[in-house]
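Have the picture open while you read.

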Amino acid sequence: MQVSESIDGTIGSESPSTTRWQRRSGSLFRWSALTLGATVWTSALLFGLYILAFYAAAIVEGEVQTWNEGLPGLYEPDKEAATTGIGLHFAAGGIILILGCVQLLENVRRRFLRLHRWLGHLYIGASIVAALGGLTFIAVNGTIGGTVMDIGFSLYGILMLVAAIETIRHARAKRLSHHKVWALRLFALAIGSWLYRMDYGFWFMLADGVGHTNDFRGPFDRVMAFFFYLPNLLVVEVWTRTPRLTYSPVTRTLAAVVLLLATAFLVIGTYYFTKYEWGPAIVAWLPVGG
Ligand code: HEM
């Protein structure tokens with residue numbers, strides 16, 4: 001008899017052939033997906049706090065020239081519009097990474113709908129500011145990596161703008177299934193900025209940064225100008241368009257192993273980023289850090 005099961009092991013129609021192995025592979029998949037989600041959230045949250053601590057705090061303290069320690073050319077004294085654009089984009093980007101985690105939590109949406117709506121407006125507003133700020137910087141200054149990076153990052157900004165507008169538009173019209181899909185797209189785009197750093201971190205660790213140049217015009221940099229957001233969007237498209245499929249316990253176990261491996265990589269990356277870059281900046285920013 002055919003048993004219909006989704007990848008997380010939910011049984012479509014009970015049957016005697018529903019074995020313990022099937023159930024166990026289903027829970028293994030669910031737990032590995034949850035672990036990966038929690039790791040992404042924690043890591044993105046730390047990166048968001050780092051942006052506020054390093055980039056946004058420099059605006060308040062009047063020390064915007066320190067931005068160039070992160071990436072040369074971010075601050076140029078004679079380009080006020082570019083500085084304003086990228087400064088707003090930093091503050092908004094940090095907020096997005098911190099809020100994204102809260103907005104996707106099912107429990108928060110169900111139990112605290114007003115909070116979800118309130119934070120949702122902030123999230124959408126911040127996404128629009130981050131995108132417009134980044135686009136202004138590209139228009140006035142151009143990116144460090146030249147034309148390819150300009151195109152990759154501009155497309156990123158335009159997609160984020162569209163996703164933010166569509167998310168709020170469908171929420172207002174109470175088209176909740178559309179709202180949910182666009183919100184997922186927006187989240188996938190927003191974590192792209194975090195993935196960009198993670199990908200570079202791994203590339204340096206595993207391949208010694210081959211294909212990267214200091215002016216971000218190497219072959220690896222050119223691929224990365226698109227690779228930090230297009231794959232994430234693709235995952236959302238596949239995930240939201242794939243109906244409940246029948247998966248064997250072997251497929252589910254393999255999928256769980258892939259998710260756990262990805263989690264292990266992210267934990268290692270987050271550990272090193274936090275130890276050497278994010279952590280010290282966040283601690284120095286906190287009142288107790290001095
Ligand atoms: C969650 C959203 C975002 C966050 C957290 C974020 C964060 C950052 C950070 C921290 C930097 C500093 C450089 C670095 O550390 O690599 C940066 C640079 C930049 N970002 Fe974003 N960003 C976000 C969204 C966007 C979007 C949507 C655009 C598209 C227009 C964009 C365009 C840029 C550009 C053009 C630069 C400067 C690159 C250069 O120096 O040439 N960002 N961003």
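## Starting at Leu 74

Let's begin with Leu 74, which is in contact with Trp 67, Asn 68 and Ile 86, leaving aside its neighbours within four places in sequence. Two residues are in contact if their C-beta atoms, placed from the backbone, lie within 7 Å. You'll find Leu 74 in the loop between helix H2 (67–70) and H3. Helices here are DSSP runs (H or I, at least four residues), numbered from the N terminus.

This is a predicted model, so local features need pLDDT of at least 70 and side-chain atom pairs count only at pLDDT 80 or more, while totals for chains, interfaces and linings use all residues. Residues are numbered from 1 along each chain as its sequence is written.

## Buried or partly exposed?

Why does Leu 74 count as buried? Because 21 other C-beta atoms lie within 10 Å of Leu 74. The cut-offs are 20 or more other C-beta atoms within 10 Å for buried, 12 or fewer for exposed, and in between for partly exposed, with C-beta atoms placed from the backbone.

Now try Val 162, found in helix H6. Val 162 counts as partly exposed because it has 15 C-beta neighbours inside 10 Å.

## The nonpolar core

The largest nonpolar core has 57 residues, and Phe 47 and Ile 51 are among those with the most contacts inside it. Such a core is a set of buried Ala, Val, Leu, Ile, Met, Phe, Trp, Tyr and Cys residues joined through C-beta atoms within 7 Å. H1 gives the most to this core, with 11 residues.

As for Phe 47, it touches Leu 97, Trp 194, Arg 197 and Trp 278, not counting residues up to four places away in sequence.

## Around the ligand

How many residues surround the ligand? There are 24, and the closest include Gly 93 and Ser 193. A residue is near a molecule if its C-beta atom, placed from the backbone, lies within 6 Å of it. H5 supplies the largest share of this shell, 6 residues.

By class, the shell has 16 nonpolar, 8 polar and no charged residues. Ala, Val, Leu, Ile, Met, Phe, Trp, Tyr, Cys and Pro count as nonpolar, Asp, Glu, Lys and Arg as charged, and the others, Gly among them, as polar.

## H3 meets H5

The axes of H3 and H5 come within 7 Å and cross at roughly 150°. Axes are lines fitted to C-alpha atoms, for helices over the stretch in contact, and angles run from 0 to 180 degrees between N-to-C directions. The contact of H3 with H5 has 17 nonpolar, 10 polar and no charged residues.

Notes
Helices (H or I, at least four residues) and strands (E, at least two) are DSSP runs, numbered from the N terminus.
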